[in-house]
Amino acid sequence: MRTNERLHRWRLLAVTAVMALVLAACTADDGASPGDGNGDGASAGDGGGEIVMVSSQLVPTAEQELMNNEILANFEGEVEFVGLDAGPFNDQIQAQEQAGEGEISLIGGLDGEFSSFGADGLLMDLSDVAEDLADLGINETYLEFGKLGTDQQLYIPWMQATYVMAARTEALEYLPDGADVNDLTWEQLTEWGANIEAETGERRLGFPAGEDGLLHRFFQGYSYPAFTGGVNTTFTSPEAVEMWNWLADTWEYVNPASTTYGFMQEPLQSGEVWVAWDHTARLIQALETMPDEIIAFPVPSGPEGKAYMPVVAGLGVPTTSANPEGAKDLIRYLLSPETQAATLSAVSFFPVIESDLPDVGPGLQAEIDAVEAQLNAADALPAYLPVGLGDQGGAYSQVFRDVFQGVVLDGGDPATILEEQLPNLQAVFEASGAPCWPPDPESDGACQAQ
Amino acid sequence: MTARLGWAPYALLLPSVLFLALFFATPMVQAFTLAFQGPDGSFGLASIERMLGDASFRDALLTTIALVVLVIPIQFALAMSMALVINAQLKGQGMWLYVYALPLGISELAAGIVWVSIFTQSGWLNSVLMGIGILERPITWQSAETPWLLIGIVVIAEAWRATSIIMIILVAGLQSIPREFLEAADVYGATTWQKVRRVVLPMLRPSLQVALILRTILAFQVFATVIALAGSGLDVLADEAQRWATDIDNDNVAAAYAGLILILSLVSTVLFLVLLPTREEHQA
């Protein structure tokens, strides 16, 4: 009897101890949760000067690592760099704004994203920082973009990038007669792919059509403007139909595994793809590791010009910033010549300040040359990233992806599919109220897609 | 005896019930509420209609069902033979268990990436086949233009990854079959195949039912393997839900997709419960 009672008491004690431990573990502050930043009471380490930077750029894990290990390495202070996809990026920032406080100190985003934040009044005036940095010679155009149409400096330009083409040297012998790889047309690209297929039996063109691929930017910044001179206002135009037919024809020479490619540097390096289009940051590894076998060249031109998409990333401080002084220090650090050079070397995003570009390897130099050739071409046609779409950014790009799926992958009729998707496109503009952006003509009020 | 226990059993059950209510029932109710709301918060069928009218809905539904229908029988045949091997107590039996259970320790995405390295154009499979002369040029296994081939490689990867859990359940079931039944079958001169068909399978029914239900529910949620192997070449329901939630930022349609997966899982569970009733005497 007595032994039973003692056993019973020990068991009760053991169960209570376990329950207490479990309860303690459940309610303990989870201060070190990366990428959470949702201010639900877990406010560890904020007042002590840690700067939480959320960014829609440099999101892939490899790029975040480079940001932390190379670019931010010499900053005096603690930075938690959080890369977020478009949806969560927008949600986190809006949530902090609504709550009136939060963990985010600094925002790194695209011009188009800042225009939504600016319109909602979430950004601090950074004119003092811009003055401090006046000696660096920040690109005037981008600095003007950073005012978002007001007289306040709502974001400071951070870095820029664009999309170029890359090719393996073994593909060069199959170029069409008389074609110069640095001055092609899109039709010549198709011929090139056809020649490769005819001679080698393989489909060697490549596009990043995978889940993480940036193919939607190809439509928004390259193929649409090059063939039609516009994007949203020429969505269903006859020239657009022509462009989609061209892409469907070209796809016969594109490696069908393109639907699995997120970064074109890998298939280029492995030889699965010989000619590719992608973001400068997603081609750099191939160009740097195989400088003798892989070259970079400017994108081809279409009937309306050499359309390209400049990607301007900026730094902004939310009015609800947890550490505004720290954030401004970080901005000054990121704009300094050493850091701009480190950014170029590490992740292949180009500087926005006037400075002699550092000695770079042949791969990066090839990219720089291709980018400059695009910028300075006689028929250069910049087509900007979407501006002012807010949380509709993803839905906007999805429309283009759906047309691609319907026309190119499923073999549908372009005119029909474009008409079907037009209402979805217009819905994005109605929901966001965004006006048209270049190369489309400016609109009064929400853009009217046609 | 029961009277002496009083409220103690219910008190001990309370943490589990609270946990289930808080972390399963509440989100489920919230998800269904979301599915029946439009983006502006008003109740109605707008989001469900949006889901049904989505260009990729049909493909996602058919691909998911195709994957489930193909993967389950293959996995069960494999798991059954693996379980019989383990139960036969052969020499080195311990090693077999470890080898078969290896995939259990790998996450879905990691398994998908492993199989990508096998099926990619310059990957292991093509290299081996070209090396021994069967192929002259590499086959593009991951091409979106041959969806059945894509489904095939996903089935192979899933069969490798998820058969272990079924095998473990079947091994446990096999070990609970009383030896006397098998000995009696031997006395009556039954062949191995007859033993399996007449004694083992019927007595394994409860385990089979559990394993089938479990695996089918998980199969409807197939996601990471498809993403890794097929990229945007194949759509499945879970992938669509994720896309609507993060890329398109429309939680309502995402909830509608999630609700659809739940309904499909429920229907198949009920189906299995009806088709594989377990009889009382086997539960002794």
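Reader: Which residues touch the most other members of the largest nonpolar core?
Author: Ala166(A) and Tyr257(B), in a core of 173 residues. Keep in mind that this is a predicted model.

Reader: OK. What is Ala166(A) in contact with, leaving aside its neighbours within four places in sequence?
Author: Leu268(A), Ala276(A), Leu283(A), Ala286(A), Leu287(A), Ile294(A), Ile295(A) and Ala296(A).

Reader: And which domains of chain A does this core draw on?
Author: Domain 1 (51-162 + 311-358) and domain 2 (163-309 + 367-432) of chain A each give the core at least three residues. Apart from this core there's another, of 17 residues, with Ile166(B), Leu170(B), Val200(B) and Leu204(B) among them.

Reader: Switching topic: how many residues of chain B are in contact with chain A?
Author: 18 residues of chain B, and they meet 23 residues of chain A. Helix H12 (224-230) and helix H13 (237-247) of chain B each supply at least two residues of the chain B side. By class, that side has five nonpolar, nine polar and four charged residues.

Reader: Now helix H7 of chain A. Which of its residues are buried?
Author: Trp186(A), Leu189(A), Thr190(A), Trp192(A), Gly193(A) and Ile196(A). They cover an arc of only 155 degrees around the axis, so they sit on the same side of H7(A).

Reader: Why would a helix do that?
Author: An α-helix has 3.6 residues a turn, so residues three or four places apart point the same way.

Reader: What covers the buried residues of H7(A), and what's exposed on the other side?
Author: The cover includes strand E6 (205-206), helix H8 (215-228), helix H9 (238-250) and strand E7 (275-279) of chain A. On the other side of H7(A), Ala198(A) and Glu199(A) are exposed.

Reader: And what follows H7(A)?
Author: Gly201(A), with a positive phi near 80 degrees.

Methods:
Residues numbered from 1 in each chain as written. Chains lettered and ligands numbered in written order. Predicted model: local features only at pLDDT ≥ 70, side-chain atom pairs only at ≥ 80, totals over all residues. Contact = placed C-beta atoms within 7 Å. Helix = DSSP H or I, 4+ residues; strand = E, 2+ residues; numbered from the N terminus. Nonpolar A, V, L, I, M, F, W, Y, C, P; charged D, E, K, R; others polar. Buried ≥ 20, exposed ≤ 12 C-beta atoms within 10 Å, placed from the backbone. Arc of directions from axis to C-beta. Core = buried A, V, L, I, M, F, W, Y, C linked by C-beta atoms within 7 Å. Domains from an automatic or database assignment.
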